[in-house]
Amino acid sequence: MDVPVDADPADDGVPDEGSAEGAPEDDPVYGAQALVEQPIAAGSDLDAAAAATRVPIDARAESLDDAGELMREVPGASPRSFGGLGSFSGLSLRGASLDQTTVLLGELPLGPAGGGAFDLSTLPLSTLAAVEVYRGGAPLWLGGGGIGGVLRLVPRDGDGLAASQRVDVGSFGSAGARLMASAGDADLNVVSVAGVRHTRGDYGYLDDAGTRLDATDDVRRQRQNGQVDEGYGLMHLRARALGGEVAALVTAFGRTGGLTGSPVEEPTRTRQARTRFLGALSYARARGDDEGAGHRFAVAGSAQLSRDTLSDALGEAGLGPRVTDDASRRVFLRAAYEGRGETFGWMALASGGFDRYAPRDHLRAEPTPASRRASGRVGLEGRARARLGGARLDTRLSGSLALTRSTLEGSRADLLGQHREATDVIPNARLSAALAPAPSFALTGSVATATRLPNLVELFGDGAFLVGDTRLKPERGVSADFGGVWRGHAHGVSGSVEARAFGLFSRDLIRWVRTSRFTATPQNVDRARVLGAELGARLDLGTHARFVGALTFMDSRDLERDRALPLRPQLSTHGRPELRANLGRGVTGSLFVDVTYQGANSVDPAALVTVGSRTMVGAGVSLSFAHGHARLDLLGRDLFDAAPSDLLGFPRPGRRFSASLTLMEGVGL
Amino acid sequence: MTERALAMCLLLTACSGPGAHCPPAELTPVTDEPAFALVTSDYASSAVALLDAQGELLSEAFIDSGSARPGLATALSGDISLPTSLPSAGHLWWVDRIGVDLLGEAEFATGDVRQLATTPTRIAGEAAFRANPHDVLALPDGRWLVSRYEPNYAPDAQPLDRGNDLLVMDGATGTLQARIGIEALDEDVADADATTRTYARPDRLLLRQGRVVVGLARLSPDFRTAAPGAVALVDADTGEVEATLLPGLSDCGEVEASRDDDARFFVACVGPTHTDLAGRRDGAGVASLRVPASGPAMLEWIWRAADHPELPPPTHALAPLMDDVLIVASMGDDGEEPDRLLRLRLADDAGEVVYESAQAFTLGRGAVSPGADFLLMPDADVGVLRFEITSSALGSPTTLAASPCRRLPARELRVLR
């Protein structure tokens, strides 16, 4: 029996158990993102065996600087930031490097054209409904994933007729405002979000003048060049049409401000700006029946334009003056089909993309040539489901083949007429299985291979100090995990708990090797492995208490140097107990405390320099009043001013506070 | 389940830790007098190893990047260098270069250490300046000269913060006293498309006949354009600068004293940086010059790589064996050509390759032992190469593992006494 399925992207990610019951036959599908699975406990609707965690963006989360801060709630995830609001922020998954995390907006790639780590600080959380983190291999539906995994950002979605306004103020001159409005019904709905943010970014730090062996010259200073202004917007439209759903998504982001850099010689006059525009169009159609059979089809395309400028005419931030204006374009197309029977199913994916990266330094007479990358990928997944006694087994085997061609057309005097290219054929595979002996519990396991292509700077250089190498091989990784997921209700406790052991083995890792006083070149020289365990919980204890926690243990090894990988603490934990109460007269309140602990770790590849363990404590209060039409969030972070740096030489803001007031109007409030 | 997970954690924790478990480099007083200092570095972190008079390892790290808790920087950055001439006996000196911009001094007998800034304290709002000190030279009167490689592009920079100069410091207090500008040797270089400013960029320093010899890189801000090669003689009292051009050579920052002649020195020129070995030939070479009582240095002998296509171009790591025999390294390129060590004979312009490394960018500055009986050359791939010297010829090298625990590549070696 065919049934319509409406998987709400804004829900908590729990598969809608039995939601297909009683639906009218042959009804057109609306809002389908995934077929509803039989009730195997899982972190992802897309693949019950995936090591996935979904974090919804609520009002508290909206108060955070970026998605990186939110990632502390996810086991196996390690966010890293270069400083305060507006500084680069990235995500390491299971000890992989930042650029081994694939970032998707929905199912569309978001990373910089030509590769490289995505800067999470450029995605205000107000534009998102949720983030999903897939550690290790990801479902083929998402394209397979990076060596570390996939961070999937789910854009905010329409919620009927509603509007809200939010204003924020915080430490270090931070302020922001955003407006959101949504309208529509089951046939057509649209949501728009627009906001601005500002910070002076003048947080304090201990200036040791770089003389670590002499404490007499240490002095406390404030950052001088951390001011940032941002504007952003999102419009997401979904309409029932052509027997499925048509969606259009437009996002825009702009930032201008100072470059903080290392405060040993902190720039004061260097400015940077970034703009990014992304437009996407998609069509999806799905049908399913209550026996789990059905099919779905999705096609999508996106275009992304971005521009990054840096004005450092005095050479404050690097080796010599630079006034750069780097433009990039990315076009991406994707089509996927999944057919599913009661026992067997299959999925096919085809995608293609074109990236163009055109760096420019206005201080150089010679133009820097633009580089391009064209890529195509096809993938196939087979799926088998079975019952073993009372248990359900869901297995998937997928393989994909990607072909990429990167080219550099020499236009600079010393490259004139040169045509440099690199071609890669990249096979990848993934095997996963979920065994559910009970509806609320599943054992999961997967083995996957993944690849990171050399980015265009690694292949062709930056026209200045980085000398590329077209002979680079892709970084390759094999990940495996095994564990269990509990998701359900028991003894007044509801939610999910996940625990897994994992391993990640990487080779041909690209390392920049300095080759002279002024140049560095990338080489495939490293091998590494990470073994670990991760434990995550998102639990509601009755109606008045909630606990969110994550624990990650990692033993990382640089197999070339036989020592721990830098920036990978063995133990990281995060816990956030929260109490909620109805205070009467239409007022509800909640109170939470969060504690984040990171163990000691080295910061250099030789593991000579170690930073000690650090603990950050935060707390917050939320009051919802006027019967849900207004909400006040007060948030304190790093209350004891531990101010741990994620990266050496880039201090982060320590203790800071913020207050947010949100006014909401809408049907259902 | 949780107990099992914790048990696994404990097991794995016991197996390995974040550090390399090397003996800490805590500036422990040295009882055996070291004869050589060796920088080992992967350009992210560094250590200074000490060798005895026979070239044997005394300590693989008297000091390293982990010698103090990290803050904004580490105890040693990944980009340190040793002075060309030892400022004072019984001490280790190092130059912590761009982005840190410090001089370091540690006393072997006590482990006492000083770190001295090579830029003045910044005024609020002032533009950042990365001086990139390259060398320090002690003058007989107690002053030090520090070559600051980078010019300050801010027009309103403090006088002592201008860079592209020799900074005069009080050796006792570390106070910045004055600067000797080398701007007179900046030059606009024109080609068909544009005119590019090159800066003198003082590099290595020597004291010869009471005058300061300064190797000059003369490169543009992006290091792609070079003015004709030159060295300068500087009067540290009057600030007078006199240049000698080295025709056909470029980027001539490395200078090295003659072993036998107090008035003589050698210079190595890298040639164009952003190119391969073949492209480097047009500008690479070495020269011998003499310091007169007055006036500019006199060019005695010049070896241009362009004139010797039969040999790889000599570029760096000068080590005079005796007055008419030089050892010099030839930089390879991106994996196609390895580094090589050349032996050049001034008397008849003869040259030969005496060693070939496994890959490019591995050979660094080495040193001949005080008794001229062996040569030590750092090779990042294998450690320190030891060549016995017999009648100005080099024997086959033996290898010393210079960083057995830290596994940092050997980069630069200097004589301490």
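**Rings, charges and cavities**

Analyst: Happy to! The charged end of A:Arg334 is placed over the ring of A:Trp141, 5.0 Å from its centre. Keep in mind that this is a predicted model.

User: Which ring does A:Arg60 lie over?

Analyst: A:Arg60 lies over the face of A:Phe592, at 5.5 Å from the ring centre. A:Arg60 belongs to helix H1 (residues 59-62) of chain A. With a relative accessible area of 8%, A:Arg60 is buried, because the cut-off is under 20%. Its contacts include A:Glu73, A:Arg631 and A:Asp633.

User: How do I read a pair of rings?

Analyst: A pair of aromatic rings is described by the distance of the centres and the angle of the planes. Over all chains there are nine aromatic pairs. One of them, B:Phe36 with B:Phe374, is tilted: 6.0 Å centre to centre, with 50° between the planes. These partners are 338 residues apart, in strands E1 and E27 of chain B, and both are buried.

User: Why is the pair of B:Trp93 and B:Trp144 edge-to-face?

Analyst: Their planes stand at 90°, so the pair is edge-to-face, with the centres 4.6 Å apart. B:Trp93 is in strand E5 and B:Trp144 in strand E9 of chain B, 51 residues apart.

User: And what about empty space?

Analyst: Rolling a probe the size of a water molecule over the atoms shows where empty space is left. Among the 49 residues lining the largest cavity, A:Thr102, A:Pro109, A:Arg377, A:Thr451 and A:Leu453 are the closest to its centre. By class, its lining has 17 nonpolar, 23 polar and nine charged residues.

Methods: Residues are numbered from 1 along each chain as its sequence is written. Chains are lettered from A and ligands numbered from 1 in the order in which they are written. This is a predicted model: local features need pLDDT of at least 70, side-chain atom pairs count only at pLDDT 80 or more; totals for chains, interfaces and linings use all residues. Side-chain values use heavy atoms; hydrogens and water are left out. On a 1 Å grid over the protein atoms alone, a cavity is a set of points where a 1.4 Å probe fits but cannot get out, and a pocket is an open set with protein on both sides within 12 Å along at least five of seven lines; lining residues have an atom within 4 Å of a point. Ala, Val, Leu, Ile, Met, Phe, Trp, Tyr, Cys and Pro count as nonpolar, Asp, Glu, Lys and Arg as charged, and the others, Gly among them, as polar. Helices (H or I, at least four residues) and strands (E, at least two) are DSSP runs, numbered from the N terminus. Buried means under 20% relative accessible area, exposed over 50%, partly exposed in between (1.4 Å probe, protein chains only). Contact means heavy atoms within 4.5 Å. Rings of Phe, Tyr and Trp (its six-membered ring) pair if their centres lie within 6.5 Å; planes under 30 degrees apart count as stacked, over 60 as edge-to-face and the rest as tilted. A charge sits over a ring if NZ of Lys or CZ of Arg is within 6 Å of the ring centre and within 35 degrees of the ring normal. Lists of a residue's contacts leave out its neighbours within four places in sequence.
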